[in-house]
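I opened my notebook to look around a new structure, one step at a time. Come along and check each entry against the picture.

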Amino acid sequence: MAPAPIFEQPNVAEPFNNHRDGLALEATSDDIDQVNILKSAMKVKQGTATQEEKDIYEKSQFDAEKDKAQFRQYEDACDRVKNFYREQHEKQTVAYNLKARNNFRFKTRAEMTIWEAIEKLNTLIDESDPDTSLSQIEHLLQSAEAIRRDGKPRWMQVVGLIHDLGKLLFFFDAQGQWDVVGDTFPVGCAFDEKIIYPGTFKNNPDSNDPIYSTKYGIYTPGCGIDNVMLSWGHDEYLYHLCKDQSNLPEEALAMIRYHSFYPWHNQEAYMWMMNEKDVKMLEAVRAFNPYDLYSKSDEVPKVEVLRPYYEELLDEAFFDHENGIRGRDRKLRW
Ligand SMILES: O[C@H]1[C@H](O)[C@@H](O)[C@H](O)[C@@H](O)[C@H]1O
Ligand SMILES: [Fe+2]
Ligand SMILES: [Fe+2]
């Protein structure tokens, strides 16, 4: 018997980002003009990115082969990283994930602009990351700048700038860092050996569950990654915020939602979950990954010099067409 749906089941028959089109339908003609200007500014067509500037799939400036040996060396990582993952792998259960999602849905934790969020995040030191000694704001700007340097679309530069803002969760409802940062993995089915430190799942209660410990668990092959419950953290949190409150195309939303799902986009685990849409989304997530990872060695960006440029991008990506508020000024619900 198929298990009952236990978490958000997006209606895959509806066009993605239908929330935007829904708004446009109820709007006045002035609003519709504004939405159209905005859509063309973002080069968004039916919620999907068009090919503009340099193709997002065109090779990045980074030499992935050379850089690979430099980053994500978990075997050599310090105890801080190893302890982080031991705790995370023990505590990310189906039960916890249901609770976290439920809690998320019925609450607004803060109202802040994107730049306020960037500044607030800056005090966090990510315990899961073996590679960066830079602050969060520097990491975000480095990623964005690398995407910009390669001539990628403006919406993708925005993804670089915001992709880790979900780590703000740490200052709200989190139980620690284990439910905020680190790589993600599905819960509700067997933990794959390709997840880093796979041995640390043995104390996760779901490892002994008769259903969750089977290969497919509560899922069916081809169910689509959007229908899978990935361990709760900064990706999922920011994805929901952007889906509801931004004008970003679906490729951007996938980059945000799956950027930490290394077992999938980097190790080819869980391929059996994919549906047709995921083939395209995997390409997008992979196109983004080098900018997240390899930009960590670039020079330190000058925040105040770069800010005006990125505020213009935010104006487009977060333009509030209901109330006519510039994206940079918009107080988002966090
Ligand atoms: O340590 C890092 C960090 O927390 C990143 O923000 C996350 O996206 C990565 O997947 C993780 O390995
Ligand atoms: Fe991240
Ligand atoms: Fe990142």
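Below are my entries, from the whole chain down to single residues.

**Entry 1: the whole chain.** I noted that this is a predicted model. I looked up the secondary structure and found 13 helices and four strands in the chain. Then I looked at burial: of the 334 residues, 41% are buried. I also looked up contacts with a separation of 6 or more, and 78% of them join residues 24 or more positions apart.

**Entry 2: around the ligand.** Which residues are around ligand 1? I listed Asp 126, Ser 128, Asp 129, Asp 164, Val 181, Gly 182, Asp 183, His 259, Ser 260 and Tyr 262. I sorted this shell by type and got four charged, four polar and two nonpolar residues.

**Entry 3: the record.** I checked UniProt, where an unreviewed entry carries the annotation "binding site". That annotation covers Arg 72, Asp 126, Glu 127, Ser 128, Lys 167, Gly 182, Asp 183, His 259 and Ser 260.

**Entry 4: Gly 182.** I found Gly 182 in the loop between α8 (154-162) and α9 (234-245). Is Gly 182 buried or exposed? I counted 25 other C-beta atoms within 10 Å, so Gly 182 is buried; the cut-off is 20 or more. Setting aside neighbours within four places in sequence, its contacts are Phe 84, Tyr 85, Gln 88, Ser 128, Gly 233 and Ser 260.

**Entry 5: His 259.** I placed His 259 in the loop between α10 (250-258) and α11 (262-265). His 259 counts as buried because it has 26 C-beta neighbours inside 10 Å. Leaving out residues up to four places away in sequence, I saw that His 259 touches His 163, Asp 235, Val 285, Phe 288, Asn 289 and Asp 292.

**Entry 6: helix α4.** Phe 84, Tyr 85 and Gln 88 came up again here: with Val 81 and His 89, they are buried in α4. Seen down the axis of α4, the buried residues fall within an arc of 120°, so they line one face of the helix. I checked the length too: 13 residues (79-91) at 1.5 Å a residue should span 18 Å, and the end C-alpha atoms are 18 Å apart, which agrees.

**Entry 7: helix α6.** In α6 (residues 114-121) I found Ile 114, Ala 117, Ile 118 and Leu 121 buried. Down the axis, these buried residues fall within an arc of 100°, so they line one face of α6. What do they pack against? I noted β3 (111-112), α7 (136-149), α8, α13 (303-317) and β4 (332-333).

Key. Residues are numbered from 1 along each chain as its sequence is written. Chains are lettered from A and ligands numbered from 1 in the order in which they are written. This is a predicted model: local features need pLDDT of at least 70, side-chain atom pairs count only at pLDDT 80 or more; totals for chains, interfaces and linings use all residues. A residue is near a molecule or strand if its C-beta atom, placed from the backbone, lies within 6 Å of it. Ala, Val, Leu, Ile, Met, Phe, Trp, Tyr, Cys and Pro count as nonpolar, Asp, Glu, Lys and Arg as charged, and the others, Gly among them, as polar. UniProt positions are given in the numbering used here, feature names are shortened, and annotations may be inferred rather than shown by experiment. Helices (H or I, at least four residues) and strands (E, at least two) are DSSP runs, numbered from the N terminus. A residue is buried if 20 or more other C-beta atoms lie within 10 Å of its own, exposed if 12 or fewer, and partly exposed in between; C-beta atoms are placed from the backbone. Two residues are in contact if their C-beta atoms, placed from the backbone, lie within 7 Å. The expected span of a helix is 1.5 Å times one less than its number of residues. The arc is that of the directions from the helix axis to the C-beta atoms.
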